[in-house]
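This briefing concerns contacts between side chains, namely salt bridges and an aromatic pair. Please consult the sequence and the structure while reading.

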Amino acid sequence: MVAVPIKQGAVLLGVLQILNQSPGGVFGTADAERAQDLARVIGQKYRYDLRGTNGPFQHLVDRRHIDRERLGELQNRARQETTKVVQLLLEEGLSAAAVGESLEHYYQGPFLPFDPDSEPPQIGPRPLQAQLSAQQPHCPGGARRQHGYGGRG
């Protein structure tokens, strides 16, 4: 088996997994290199299809909210002052929505603005457990035996 990450920049988009070699064969270094090349092409295609960007703030440059030089200055300043680039962009007058949209394009996930009045969703074992308990059957193999389709019962 060969498994290589499908990435675009620092963003993991998926995994390319190749399971079978010709009968009795073993994957070699050349196979792994070909898989990495293919994963690189797939990553570029995903980026194009999903309108992804090369960096978290590239969309701001593409939309002319800020020029590349000024963004570079803010990134350098953020490193020197150990602060966040996002904070400096907001201080520059960019809207949270524009910055969030840029982050959406890079990370390929929705931007959820901070809302001090909302509570985060409750995630934990109890709701999942209740959901599983409500679904019968949920025990692998047990229900199949009970209904006579599979297993040894």
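Does D37 count as buried, partly exposed or exposed? With a relative accessibility of 40%, D37 counts as partly exposed. The model discussed here is predicted. Across the whole structure, a search finds 6 salt bridges.

- The side chain of D37 meets that of R40 in a salt bridge, with 2.5 Å from N to O.
- R40 and D37 are 3 residues apart in helix α1, which means that about one helical turn separates them.
- R40 is partly exposed, as its relative accessible area is 47%.
- Another salt bridge joins the side chains of D31 and R34, at 3.1 Å from N to O.
- Both D31 and R34 belong to helix α1, which covers residues 29–49, and they lie 3 residues apart, or about one turn of the helix.
- R34 has a relative accessible area of 54%; because this is over 50%, R34 is exposed.

- R77 and E81 form a salt bridge through their side chains, at 3.0 Å from N to O.
- These two residues, R77 and E81, stand 4 residues apart in helix α3 (residues 68–81), so about one helical turn lies between them.
- R77 is partly exposed at 30% relative accessibility, and E81 is also partly exposed, at 42%.

**A network of salt bridges**

- Salt bridges link R70, E73 and E92 in a network.

**Aromatic pair**

- The count of aromatic pairs comes to 1.
- Y106 and Y107 form this edge-to-face pair, with 4.8 Å centre to centre and 80° between the planes.
- Y106 has a relative accessible area of 10%; because this is under 20%, Y106 is buried.

Technical notes:
Residues are numbered from 1 along each chain as its sequence is written. This is a predicted model: local features need pLDDT of at least 70, side-chain atom pairs count only at pLDDT 80 or more; totals for chains, interfaces and linings use all residues. Side-chain values use heavy atoms; hydrogens and water are left out. Rings of Phe, Tyr and Trp (its six-membered ring) pair if their centres lie within 6.5 Å; planes under 30 degrees apart count as stacked, over 60 as edge-to-face and the rest as tilted. Buried means under 20% relative accessible area, exposed over 50%, partly exposed in between (1.4 Å probe, protein chains only). A salt bridge is a side-chain nitrogen of Lys or Arg within 4 Å of a carboxyl oxygen of Asp or Glu.
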